[in-house]
Amino acid sequence: MSGLRVQIYAFLPNETEFDQKSLFLCHKNRLTMNETDLSPITTFIFDFDGVMTDGTVFCDFEGHPLRATNVKDGYAIQLATKLGYNVAVISGAVCPSTIVRMNSLGVTDVFTGIPDKVLKLKEYMKEKGLKPEEIVFMGDDIPDLNVMKEVGLPACPADAVPEVKAISKFISERPGGKGAVRDLIERTLKVQGKWMTAEAYAW
Ligand SMILES: [Mg+2]
């Protein structure tokens, strides 16, 4: 059997490629902190369910929805508002507790029950005088696709649906409700030299 050559082919999932430099398999759209330009960002806009939460919705006996948010995400959000960033939520769901939670973190631009997120984004941009390149929108599911295409930096948690991952320039390594929001804000503040400044030590 001398001279027999065996060729081995590896078939990778569509969304995966081999990074020659790092010798790791990488999601095609997953960008490292160095590759993702976070320096122009002045404005963080988030979907709520699946981004600020893990997507779970509990209902009490009267049918009121209850959602769990993440305290480490919360720290980063209140810090961003304190540092003067625009922070907003645009959510399709109607949930008074979303407004209460975000208000407690200093976020007053909380838009819930929004059927057309693109329209609300455009209103918000006009009101604040914002350009697309200074905005990051983090979403996780198909209702976020169109609005994400309108901003300079579409972003998503690690467990976003494939359609959202496919258009995202920043894909956090953390899932929704478990640090994706913190990851995005922390990386942005680090790139802009605003992480661990005097404002960091108080809530
Ligand atoms: Mg969502």
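**Figure 1. The largest nonpolar core of the predicted model.** In this predicted model, the largest nonpolar core holds 38 residues, and those that touch the most other members are Phe46, Val136, Phe137, Met138 and Val181. At least two residues of this core come from each of β3, α1, β6, β8, α4 (145-148), β9 (153-156), β10 (170-171) and α6. Helix α6 gives the largest share, 5 residues. In soluble globular proteins, nonpolar side chains tend to be buried together.

**Figure 2. Surroundings of Phe137.** Apart from its neighbours within four places in sequence, Phe137 is in contact with Ile45, Val147, Met148, Val151, Pro154 and Ala155. Phe137 is also among the core residues that touch the most other members.

Figure 3. The protein contains 6 helices and 10 strands. An open sheet of 6 strands is arranged in the order β7-β6-β3-β8-β9-β10, and its pairing is parallel. Strands β7 (109-111) and β10 are the edges; each has a single partner strand, so one side of each is left without a neighbour in the sheet. Strands of a sheet pair through backbone hydrogen bonds, either parallel or antiparallel.

**Figure 4. Strand β3 and its two partners.** Strand β3 covers residues 43-46, with Thr43 and Ile45 pointing one way, Phe44 and Phe46 pointing the other way, and all of them buried. In a regular strand the side chains alternate between the two faces of the sheet. Strand β3 runs parallel to β6 (residues 86-90), to which 4 bridges join it. Across this pairing, Ile45 stands opposite Ala88, and Phe46 has Val89 as its bridge partner. Strand β3 also pairs with β8 (residues 135-138), again in the parallel sense and over 4 bridges. Here Phe44 is placed opposite Val136.

**Figure 5. Helices packed on the sheet.** Helix α3 (residues 117-128) packs on the sheet and touches β6 and β7, its direction making about 160 degrees with that of β6. Helix α6 lies across β3, β8, β9 and β10 and runs at about 165 degrees to β8.

**Figure 6. The crossing of helices α1 and α6.** Two packed helices are described by the angle between their axes and the distance between the axes. For α1 (residues 71-82) and α6 (residues 180-191), the axes come within 7 Å and cross at roughly 35 degrees. The crossing of α1 with α6 is left-handed. On the α1 side the contact is made by Lys72, Asp73, Ala76, Ile77 and Ala80, and on the α6 side by Val181, Arg182, Ile185 and Glu186. Of the residues in this contact, 5 are nonpolar and 4 are charged, with no polar ones. Val181 of α6 is also one of the residues that touch the most other members of the largest nonpolar core.

**Figure 7. Val94 in a loop.** Val94 belongs to the loop between β6 and α2 (96-104). Val94 has 11 other C-beta atoms within 10 Å and is therefore exposed, the limit for an exposed residue being 12 or fewer. Beyond residues up to four places away in sequence, Val94 touches Thr112 and Gly113. Pro65 is 29 residues from Val94 in sequence, with a C-alpha to C-alpha separation of 9.5 Å in space.

Figure 8. Buried residues amount to 32% of the 203 residues in the protein. Of the contacts with a separation of 6 or more, 52% are between residues 24 or more positions apart.

Notes:
Residues are numbered from 1 along each chain as its sequence is written. This is a predicted model: local features need pLDDT of at least 70, side-chain atom pairs count only at pLDDT 80 or more; totals for chains, interfaces and linings use all residues. A residue is buried if 20 or more other C-beta atoms lie within 10 Å of its own, exposed if 12 or fewer, and partly exposed in between; C-beta atoms are placed from the backbone. Two residues are in contact if their C-beta atoms, placed from the backbone, lie within 7 Å. Two strands pair if DSSP finds at least two bridges between them. Axes are lines fitted to C-alpha atoms, for helices over the stretch in contact, and angles run from 0 to 180 degrees between N-to-C directions. A crossing is left-handed if the near helix is turned anticlockwise from the far one by less than a right angle, and right-handed if clockwise. Ala, Val, Leu, Ile, Met, Phe, Trp, Tyr, Cys and Pro count as nonpolar, Asp, Glu, Lys and Arg as charged, and the others, Gly among them, as polar. A nonpolar core is a set of buried Ala, Val, Leu, Ile, Met, Phe, Trp, Tyr and Cys residues joined through C-beta atoms within 7 Å.
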